[in-house]
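User: Could you zoom in on one part of this model for me, starting with how its domains are placed? After that, walk me through the rest in one go.

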Amino acid sequence: MTTTYTYSLPIGPIHPALKEPIRVVAEVEGERVVRADVKRGFAHRGIEFMGMKRNAIQTLYLSERICGICSISHPYAFVKAVENAIGMEAPPRAQYIRTIIAELERIHSHILWLGVIAHEMGFDPLLYWTWKGREMVMDLLEYLTGNRVNYAMYMIGGVRRDLNEKKIRAIKENMNYYRQFNQEMKDVFMSDPTYKARTRRVSLLTRKDALELCAVGPTARAAGLRMDIRQDQPYDAYADMDVRAVVPQDITGEVMGDAYDVTLVRLYEIDQSIEIIERCLEDLPPGPILAEPNLIKLLMTIKRSEGEGVGRHEAPRGEVMHYVRFDGTRDGPVAWKVKAPSYNNINIWGRVLVGAEIADIPIAVGYIDPCMCCNDRVAEVRRGGRELPYEEVRRKCREKTMRIKREVMG
Amino acid sequence: MPTKMMMVLIKQMFRKPYTNRFPVKYAPKDVTGLIQKVLRGEVKIHPPVPVPEDFRGKLAYDPERCIGCKMCIRVCPANAMEFIPETRKIRHYVARCMFCALCVDVCPGKKLPGEEAPVKALKMSEEFLIADYDKYSKNLVEE
């Protein structure tokens, strides 16, 4: 008679294979994972609490620092939320510039992911090659906004820097480069038999699972769901662009919901972004770029206004949502809630890791492009045993005082 | 079987490196000696990469133009500014600064006699080599 043992394989929170702290505990039987659990909350920094003590403009720049890679997704959702709450709308030119910057960021984020997944698989030269291509858009963003990351570009009611003729020409040249580079990337990733064998049927996510676990972004689209905030609830210049969600059934005709489909979705989304940017540049309307150029007046408006607002943006990884509330007493939010796409997407690990091989764990973990610092909004500390109520603590404290008093006084 | 990936990567081997070049090709044994040689003009180094226009470097502060309105302190997300009540000027700690240039946007500036428009007291310079051992060193505190 044989007995099978399962071993528990802990990965993280601090692990050389992980770039950010998260803990995945996989229970393995031989080479197969039979159960997987995710523990998060290691990168909690209390940003929302910090934001509730600052004014809205300071909080906007704090929100830019929630994520290390998408420097515009969180500010975008935050400015939409604040504009929603105080009833302000950005001028058309600012809306178009916002869309251009957001799409440029999607390009760099998707190329980053392609490099990371190639690295996880062992194609390190491919990582360097894709990131070589990413450098162009980083340089362009630095040229447009003055910084490679943390662009400091958005402002409540508009953007802070305008595009001039020279900058528009630079974007156009860059888009021509990316059209060609993306074609090369498609050839490389889609024609390579090893890549296909390594990603097909790995970390399968069915349409039903994606719906049940509330997957968002490219992960959900790879499972065949036509969902995209830019299509479902268009905002800013996306309303004029008629964006359609990129799903694998439109590209190859079948939906598998595996890592290969995610690659397809991301590659074709880069094309879509290039198209959107070029259309934005064509239709770029003239006019002001800020609804309220005087920042002190803007703060006064916020201080006077009461109400709550929700802002949603389709970040490269999926939907990001911000909620703010103003109560008319201070110039900053009294409540601020951030929901990042990785928060939804990490949930699917528990499902897709079951049945996978140990060697497939990095791909399953990497294919949703997780961002721990985005998703950790609450830290839960579980102690063993029962909780000690504060009254008990206070009683103990007083008892100790009395005891010491007796000892000292004799 | 040669794949497209192999072709792309092999082609890349014969291209010139994409990254910015180091000042010299190999790490020198003696950096100070190298710097002196460069100063004497004996060794040529690859020039540094120029910063883009609108680059946000270290904040340059001109106390002459400051009117003490405290607007920069109100918007600064990093609390890098401090008001000095005696002189009614600000003190700026570069070590805390996060280079967003909001203070430059709000600064009203001051019009000196004989000038048409006010000139801002704050502006972003192109200086970016500001690493230091001490965050309160003379280079990192402006007033």
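Analyst: Let's start with chain B: the C-alpha centres of its domain 1 and domain 2 lie 38 Å apart. Domain 1 covers 4-40 and domain 2 covers 59-142, with bounds that come from an automatic or database domain assignment. Some ground rules before we go on. This is a predicted model, so local features need pLDDT of at least 70 and side-chain atom pairs count only at pLDDT 80 or more, while totals for chains, interfaces and linings use all residues; side-chain values use heavy atoms, without hydrogens or water. Residues are numbered from 1 along each chain as its sequence is written, and chains are lettered from A and ligands numbered from 1 in the order in which they are written.

Back to chain B, which has 4 helices and 5 strands (DSSP runs numbered from the N terminus: H or I of at least four residues for helices, E of at least two for strands). Read from the N terminus, the order of elements is α-α-β-α-β-β-α-β-β. The radius of gyration of chain B is 23 Å, well over the 15 Å that the globule rule gives for 143 residues, so the chain is more spread out than a compact globule. That radius is taken over C-alpha atoms, and the rule is 2.2 Å times the number of residues to the power 0.38. Along its principal axes, the C-alpha trace of chain B spans about 75 × 45 × 35 Å.

What about burial and surface? Of the 143 residues of chain B, 34% count as buried, where buried means under 20% relative accessible area, exposed means over 50% and partly exposed is in between (1.4 Å probe, protein chains only). The accessible surface of chain B comes to about 10,300 Å², and 59% of that belongs to carbon and sulfur atoms; these areas come from the Shrake-Rupley method with a 1.4 Å probe, and for residues only the protein chains shown count as cover. Take contacts (heavy atoms within 4.5 Å) in chain B between residues at least 6 apart in sequence: 58% of them join residues at least 24 apart. On charge, chain B carries 25 positive and 17 negative ones, with mean positions 9 Å apart. Lys and Arg count as positive, Asp and Glu as negative, and His and the chain ends are left out; each charge is placed at NZ of Lys, CZ of Arg, CG of Asp or CD of Glu.

At 45% relative accessibility, B:Ile10 counts as partly exposed. Its C-alpha is separated by 32 Å from that of B:Lys44, 34 residues apart along the chain.

Now for chain A, where there are 19 helices and 8 strands. The globule rule puts a compact globule of 410 residues near 22 Å, and chain A has a radius of gyration of 24 Å, which agrees. The C-alpha trace of chain A spans about 90 × 75 × 35 Å along its principal axes, and 56% of the 410 residues are buried. Among contacts in chain A with a separation of 6 or more, residues 24 or more positions apart account for 71%. Chain A exposes about 17,800 Å², with carbon and sulfur atoms supplying 53% of it. There are 59 positive and 56 negative side chains in chain A, and the centres of the two sets lie 7 Å apart.

A few spots in chain A are handy for orientation. A:His108 belongs to helix H4 (residues 92-121) and is buried at 0% relative accessibility. Apart from neighbours within four places in sequence, A:His108 is in contact with residues including A:Ile69, A:Arg134 and A:Tyr151. A:Lys337, in strand E8 (residues 335-339), is partly exposed at 36% and touches A:Glu48 and A:Arg377, among others.

Finally, check the backbone. Most residues other than glycine have a negative phi. A:Asp236, however, has a positive phi near 45°, as A:Asp242 does with a value near 55°. A:Asp236 lies in the loop between helix H10 (229-232) and helix H11 (238-241) and is buried at 9%. A:Asp242 lies in the loop between H11 and helix H12 (248-251) and is exposed at 54%.
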